[in-house]
Amino acid sequence: MFHKRPFNPITRVFKTARLPEKGVRTVTKTITQAAKDDIPRDLFKLSINKGFGLSGKPTKVAYDGIQGLLAVATDDGELHVYGQRQIDFVFTLEQKTIIRQMTFVMGKYILLVDQLNRIITISLESREFYKMRTQPFQITCLETDPILPWVLLGLADGTILVYD
């Protein structure tokens with residue numbers, strides 16, 4: 001009724017691979033050889049379910065301590081947002097620009113300043129781009145309050161702009 005099949009690869013590996021007598025390389029070689037000889041290749045199927053990581057080099061990082069969100073901008077024009085309970089989503093900017101400054105506003109928005117002096121607002125609730133505005137002078141400073149909806153921008157000519 002049942003076909004008896006000896007467990008040769010496993011017993012042979014454990015009988016021959018003794019760590020105190022032989023080195024780690026010998027044990028690895030023995031296991032690899034046993035796998036090549038006795039285990040059929042179609043027994044295991046390799047598949048990639050999900051990939052983690054960044055597609056480019058990180059350029060800017062922002063953290064929201066209230067919600068526990070971490071935003072990472074890359075030089076490929078992507079914005080990765082990570083958080084609690086496996087929150088993980090990626091925003092891809094229209095043009096591949098480098099993000100120079102980034103901050104969270106009220107836990108609902110991410111405010112970005114890119115190398116072209118554009119202010120980009122992304123909504124975290126709807127996960128879409130909300131506004132984009134270009135400034136005539138270079139933005140040197142970007143400040144927000146975690147509770148208030150005000151954004152203070154410092155420009156290179158000394159002007160301070162306040163946005164609601």
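Which strands each supply at least two residues of the lining of the largest pocket? The views below walk you through the answer. This is a predicted model, where local features need pLDDT of at least 70, side-chain atom pairs count only at pLDDT 80 or more, and totals for chains, interfaces and linings use all residues. Residues are numbered from 1 along each chain as its sequence is written, and side-chain values use heavy atoms, with hydrogens and water left out.

**View 1. The largest pocket and its strands.** β6 (109–114), β7 (118–123), β8 (128–134) and β10 (151–155) each supply at least two lining residues (strands are DSSP runs of E, at least two residues, numbered from the N terminus). β8 gives the most, with 4 residues.

**View 2. The centre of the largest pocket.** The pocket has a volume of about 380 Å³. Of its 15 lining residues, L111, T121, K131, Y163 and D164 are the closest to the centre. A pocket here is an open set of points on a 1 Å grid over the protein atoms alone, with protein on both sides within 12 Å along at least five of seven lines; lining residues have an atom within 4 Å of a point.

**View 3. T97 in its loop.** T97 sits between β4 (87–92) and β5 (99–105). The T97 side chain makes a polar contact with the side chain of D114 (3.4 Å); such a contact is a pair of N or O atoms within 3.5 Å, and within protein one must be able to donate a hydrogen and the other to accept it, while residues adjacent in sequence count only if both atoms are side-chain atoms.

Definitions and conventions
On a 1 Å grid over the protein atoms alone, a cavity is a set of points where a 1.4 Å probe fits but cannot get out, and a pocket is an open set with protein on both sides within 12 Å along at least five of seven lines; lining residues have an atom within 4 Å of a point. Grid points are joined across faces, edges and corners, and a volume is the space filled by probe spheres set on the points.
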